[in-house]
Amino acid sequence: MALRSAQGDGPTSSRWDGGAEKTDLNAKKKKKVAEIYQALDSDPTDVAALRRMAISEGGLLTDEIRQKVWPKLLNVNTNDPPPISGKDLRQVSKDYQQVLLDVRRSLRRFPPGMPEQQREGLQEELIDIILLVLERNPQLHYYQGYHDIVVTFLLVVGEKLTASLVEKLSTHHLRDFMDPTMDNTKHILNYLMPIIDQVNPELHDFMQSAEVGTIFALSWLITWFGHVLSDFRHVVRLYDFFLACHPLMPIYFAAVIVLYREQEVLDCDCDMASVHHLLSQIPQDLPYETLISRAGDLFVQFPPSELAREAAAQQQAEKTAASTFKDFELASAQQRPDMVLRQRFRGLLRPEDRTKDVLTKPRTNRFVKLAVMGLTVALGAAALAVVKSALEWAPKFQLQLFP
C-alpha cells in the first residue's frame, strides 16, 4: 500500500499528462504499464526489460508498480524480510541519538497535508528501520543524509519492504558512503570534474580557476538528491533510474546538472564563493527526462574505468562500490544495468554516427590553450590540490548541508 496518498500517485513525468496529446500519452502509459507487468510475469522475471522501463521516459510511473519492480531491480526476495531484532535497539545503538535528531528534522520529506499522527508514526518506523539495518550490518556506519534515502523507500513501498530493500541498497549502492571515513565518498566525488572536462573543457577550466571543488554536490550524491529536491515525484523518478543503473550513476547525473547550467556558471564571478553558492542552489524545474537520458549516454561514453586515473590517482578505484556491485549483478549478462544502458545508447545513434563522439565538444585547441597559459604540466597537479583541499573540510561542512 503506497503511503503518500496525500500527494497522489500519478506518473512522475509531466510529459504523460495534459494538453492536446493527452489521449496519445495515456495510450503510451497503458502500453508501458502492460510491458512492465509482462516482464514481471515472465518466468524468470525479465529484469533487463524492467531496467529499460525504469530508465526510459516516465520511469516506473506509479508507486504501485514500484512496489513490485524495485525489489526485482535490487534482486531482493520479498518473502524473506529481515528478522526483527530481539534487542531494544534504541537503548543499545550508538547511532540512536543522531538518527533521532535527523528524523525529527525530516518534516519536509513527508507529503503536505499528511495528518500529524500518521507522519509521526512513519517517523518512528523510519528510526526503527535504520537501527535494524545498522544492527544487522555492523560494518556499516550511519551518515547524515542516510535517512533521506530510507524515507523515500518508506513512503513508496511501506515498512516491511523498506527494511529489505534498504539493507541490500546499503551493502551495495550506498556501501562507500557507509565506511568509517569519507575516503571513498571523496573518491566518487572526484569523478565529477573529469566527466565535465570530457564534455565541456571551458566549463571545467572555469570551475578549476574558481577553485569551487565538488563539495556542492555532496548532499546530492549521498542522498540520491532526496534532500535537495522538493517535488517527491522527481525524487522517485530519479530512484527508478539509479536503481536500474550502476551505483556511480548519481555522480553522472550530478555532472549533467552542472553541464546543463553552463551559462549560469560562466556568467558568475570566477571565485569559489560565487560558483559554490550558485551550484549548491539546485533548480527545481530541471528537464529531468532529458538529463536522465544524457547521464545514461555519458556513462556509456565515459565509463568509470576510463575516468579513474583522472578522478583520483592517489586512491585505488577498485575499492569503490563499482567493485562491490559485481556480486550484486544478476547471472545473465543481458540483465546487467551497464549492458542495458549500452544497448539503449547504440539504439539512439544512426549507423553513421556510432563511431562518433556525439556529446563532446571539439578539443583541438585544448592543449594549445594550456601551452599558451604555461600550465600544461602544472594544471593537473593544481587541480588535484584544489580538489584535495576542498574535500579536507567536507566533514565539518557536511553539518551545514542538512539543516
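Start with Glu 289 and Arg 237, whose side chains meet in a salt bridge at 2.9 Å, N to O. A salt bridge here is a side-chain nitrogen of Lys or Arg within 4 Å of a carboxyl oxygen of Asp or Glu. This pair links distant parts of the chain, with Glu 289 in helix α17 (residues 288–301) and Arg 237 in helix α13, 52 residues apart. Glu 289 counts as buried at 12% relative accessibility, and Arg 237 is buried with a relative accessible area of 1%. Buried means under 20% relative accessible area, exposed means over 50%, and partly exposed lies in between (1.4 Å probe, protein chains only). Salt bridges that share partners also join Arg 90, Arg 104, Glu 124 and Asp 128 into one network.

A word on what you are viewing: this is a predicted model, in which local features need pLDDT of at least 70, side-chain atom pairs count only at pLDDT 80 or more, and totals for chains, interfaces and linings use all residues. Residues are numbered from 1 along each chain as its sequence is written, and side-chain values use heavy atoms, with hydrogens and water left out.

Now step back to the whole chain. It has 23 helices and 0 strands; these are DSSP runs numbered from the N terminus, with helices (H or I) of at least four residues and strands (E) of at least two. Of the 403 residues in the chain, 56% are buried. Among contacts with a separation of 6 or more, 80% are between residues 24 or more positions apart, where contact means heavy atoms within 4.5 Å.

How many salt bridges does a search of the whole structure find? The search finds 15. Arg 66 and Asp 63 meet in a salt bridge of 3.0 Å, N to O, and being 3 residues apart in helix α3, they are separated by about one helical turn. Arg 66 counts as buried at 0% relative accessibility, and Asp 63 counts as buried at 0% too. Lys 31 forms a salt bridge with Glu 35, with the closest N and O atoms 2.6 Å apart. Both lie in helix α1 (residues 22–41), 4 residues apart. Lys 31 counts as exposed at 51% relative accessibility, while Glu 35 is partly exposed at 30%.

Next, find helix α8 (residues 159–170), which has 12 residues. Is this helix enclosed or open? Of its 12 residues, 10 are buried, so α8 is largely enclosed by the rest of the structure. Its buried residues include Leu 161, Val 166 and Leu 169, and what covers them includes α3 (63–73), α6 (116–136), α7 (146–157) and α13 (232–243).

Finally, turn to the aromatic rings. Rings of Phe, Tyr and Trp (its six-membered ring) pair if their centres lie within 6.5 Å; planes under 30 degrees apart count as stacked, over 60 as edge-to-face and the rest as tilted. By this rule there are 15 aromatic pairs. One of them is Tyr 143 with Phe 177, edge-to-face at 6.0 Å centre to centre and 80° between the planes. Tyr 143 lies in the loop between α6 and α7 and Phe 177 in the loop between α8 and α9 (183–189), so the pair ties together parts that are 34 residues apart in sequence.

Conventions. Expected span 1.5 Å × (residues − 1).
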